[in-house]
Amino acid sequence: MKETPLYQAHLRRGGRMVEFAGYALPLQYTSIKEEHLAVRRGAGVFDVSHMGEFFIRGEEALAFLQWVTVNDVGRLRVGRAQYSMLPNEKGGVVDDIYLYRLGEGEYLMVVNAANIAKDWAHLKALAQGFRVELLDRSEATALLALQGPKAEKVLQALTDQDLSQRKKNDVFRAEVAGKEALLARTGYTGEDGFELFLAPEDAEAVFEALLEGGAVPCGLGARDTLRLEAGFPLYGHELTDDTNPLCTPWAWVVKREKAFLGKEAMLNAPCGERLIGLVLETGIPREGYPVLSGEERVGRVTSGGFSPLLEKGIALAYVAEGAEGPFFVEVRGRKVPASLSPLPFVPLK
Amino acid sequence: MDIPKDRFYTKTHEWALPEGDTVLVGITDYAQDALGDVVYVELPEVGRTVEAGEAVAVVESVKTASDIYAPVAGEVVEVNLALEKSPELINQDPYGEGWIFRLRPRDMADLDGLLDASGYQEALEAGA
């Protein structure tokens with residue numbers, strides 16, 4: 001198992017370590033519920049150093065990124081970030097990503113840890129026809145995510161930059177606790193917050209400074225319950241190589257007015273199913289549980305769990321396109337009524 | 001880990017406390033800690049007859065669902081309804097307020113087949 005630069009810090013702080021995407025990472029420190037609520041009400045910090053960081057630069061970086069992503073990179077100004085997806089030739093999704101424009105012809109792409117090797121091979125192959133340079137800095141980059149309504153306050157105490165002037169999806173360089181950092185006002189919890197790209201040797205000092213400033217250390221457990229409440233997709237669950245993004249709530253990310261890999265296939269593929277949010281009266285839905293309409297099985301849960309804010313079981317599920325409610329989720333042999341919920345499941349900023 | 005000496009244990013981390021001709025059943029401190037925040041408990045029906053090792057209840061934490069097995073054969077005579085409102089009692093007091101159900105064993109002598117506190121301690125160490 002690989003270790004992040006914070007491995008020793010996690011052990012020292014009592015992190016319960018588990019394997020995730022080949023890395024040893026904390027599932028939780030104290031309690032998933034406590035950490036979840038700390039992020040919704042205060043500030044929490046996550047070690048997300050396992051994520052992949054690809055730097056893309058060169059004369060044709062923009063043309064290359066327009067071809068290999070579905071969002072319009074032409075609209076991305078320097079110092080801004082956008083959510084996007086890497087399409088494949090058949091109109092499915094290789095990965096969902098965040099793209100940061102750092103300068104003229106200079107971009108940073110953050111990819112899912114489990115997909116680093118796959119994404120790298122995919123992009124390297126497609127880069128053949130472009131004057132573009134790709135650099136995989138995943139191993140050489142530490143990444144912290146500071147999230148929650150008090151994130152700005154915690155971070156402001158550690159930097160001279162005026163954070164109140166930085167909007168959602170801004171990306172900029174700053175010194176944090178005396179260390180050089182690339183900061184982005186982004187995250188995966190539905191809350192305000194910042195992601196801090198750091199040199200591995202600086203990660204622990206910044207992590208400790210954030211904790212001293214009042215942020216709570218949070219593990220993978222809370223990261224997953226927060227993203228589920230926020231109604232965000234998780235690759236391998238809501239998005240896969242076979243998912244047509246136009247058939248998901250994240251279809252907005254696909255910009256039809258530009259050319260990209262697999263566009264025709266994506267536009268022509270029928271959906272067949274749609275993604276819905278469900279809230280259960282009792283019980284906890286888990287991935288793979290059947291979704292029923294009457295007695296008929298019409299779909300499946302792709303992500304499910306307990307919502308610490310609603311104190312109920314919630315699920316993202318794919319159901320057949322024509323399927324109508326009322327829906328039920330089969331929880332360990334029991335048919336449990338499930339009401340449709342808009343996404344996100346809880347009110348967010 | 002806290003392992004009271006007044007009761008019996010299973011390798012699947014249930015405890016059984018004899019009280020008259022019945023036994024109270026719950027999960028151990030080790031089990032509640034491993035599960036994390038308990039957020040939902042599916043209780044058995046009173047009157048249900050169960051065999052030893054049969055899945056009787058389900059304890060769900062934020063991260064996972066776990067079956068709770070009957071330590072011995074018998075009849076479920078009472079369930080801890082407080083868990084419906086406060087499932088976290090299992091985390092807070094696994095050996096007391098967090099009990100799950102009461103069983104009337106078919107034969108109290110079956111309890112002798114279970115582990116005592118030191119046997120459970122050894123099983124935990126062997127598994128660790």
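Modeller: Before we start: a residue is called buried here when its relative accessible area is under 20%. And keep in mind that this is a predicted model.

Colleague: Okay, then what makes Gly92(A) count as buried?

Modeller: Its relative accessibility is 3%, and the cut-off is under 20%, so Gly92(A) counts as buried.

Colleague: Where is the place of Gly92(A) in chain A?

Modeller: In the loop that links strand 6 and strand 7 of chain A.

Colleague: And which residues does Gly92(A) touch, not counting those up to four places away in sequence?

Modeller: Leu86(A) and Pro87(A), plus Thr240(A), Asp241(A) and Thr243(A). To be called a touch, heavy atoms have to come within 4.5 Å. There's also a C-alpha separation to look at: Gly92(A) and Leu246(A) are 154 residues apart along the chain, with 9.6 Å between their C-alpha atoms.

Colleague: Let's move to the core. Which residues touch the most other members of the largest nonpolar core?

Modeller: Phe46(A), Met85(A), Tyr100(A), Leu108(A) and Phe197(A), out of 46 residues in that core. Strand 7 of chain A, residues 93-103, contributes the most to this core, with four residues. As a general point, nonpolar side chains in soluble globular proteins tend to be buried together.

Colleague: What is Phe197(A) in contact with, leaving aside its neighbours within four places in sequence?

Modeller: Quite a list: among them are Tyr100(A), Leu108(A), Val110(A), Leu143(A) and Leu182(A), and also Glu53(A) and Glu180(A).

Colleague: Which residues of helix 3 of chain A are buried?

Modeller: In helix 3, residues 61-68, the buried ones are Ala61(A), Phe64(A), Leu65(A), Gln66(A) and Val68(A). Their cover includes strand 5 (52-57), strand 6 (80-87), strand 7, strand 8 (106-111), helix 4 (116-126) and strand 9 (133-136) of chain A.

Colleague: Now the sheets. What is the order of the three strands in the open sheet of chain A?

Modeller: The order is 1-3-2, with mixed pairing.

Colleague: Why do strand 1 and strand 2 of chain A stand at the edges?

Modeller: Strand 1 (2-3) and strand 2 (16-20) of chain A each have a single partner strand, so one side of each is left without a neighbour in the sheet.

Colleague: How do you know that strand 2 and strand 3 of chain A are joined?

Modeller: Pairing takes at least two bridges, and five bridges join strand 2 to strand 3 (residues 23-28) of chain A, so the two count as paired. They run antiparallel. Arg16(A) has Gln28(A) as its bridge partner, and Val18(A) has Leu25(A). Strand 2 and strand 3 of chain A make a hairpin with two residues between them, and Ala21(A) in the turn has a positive phi of about 50°.

Colleague: What lies across strand 2 and strand 3 of chain A?

Modeller: Helix 7 of chain A, residues 220-229, which runs at about 70° to strand 3 of chain A.

Colleague: On to chain B. What agrees with a compact globule there?

Modeller: The radius of gyration: a compact globule of 128 residues would come out near 14 Å, and chain B has 13 Å, so the value agrees. The C-alpha trace of chain B spans about 35 × 35 × 20 Å along its principal axes. Buried residues are 51% of chain B.

Colleague: Which strands are the edge strands in the open sheet of chain B?

Modeller: The sheet has six strands in the order 1-2-3-9-8-5, with antiparallel pairing. Strand 1 (8-9) and strand 5 of chain B are the edge strands, since each pairs on one side only.

Colleague: What makes strand 5 and strand 8 of chain B a pair?

Modeller: The cut-off is at least two bridges, and strand 5 (49-50) and strand 8 (74-79) of chain B have two, so they pair. Thr49(B) is opposite Glu75(B) there. Strand 8 is also joined to strand 9 (residues 101-105) of chain B by five bridges, with Val79(B) opposite Phe101(B). Strand 2 (14-19) and strand 3 (22-27) of chain B pair over six bridges, and Glu19(B) has Thr22(B) as its bridge partner.

Technical notes. Residues numbered from 1 in each chain as written. Chains lettered and ligands numbered in written order. Predicted model: local features only at pLDDT ≥ 70, side-chain atom pairs only at ≥ 80, totals over all residues. Heavy atoms only, no water. Axes fitted to C-alpha atoms, helices over the stretch in contact; angles between N-to-C directions. Rg over C-alpha atoms; globule rule 2.2 N^0.38 Å. Buried < 20%, exposed > 50% of the residue type's maximum accessible area, 1.4 Å probe, protein only. Core = buried A, V, L, I, M, F, W, Y, C linked by side-chain atoms within 4.5 Å.
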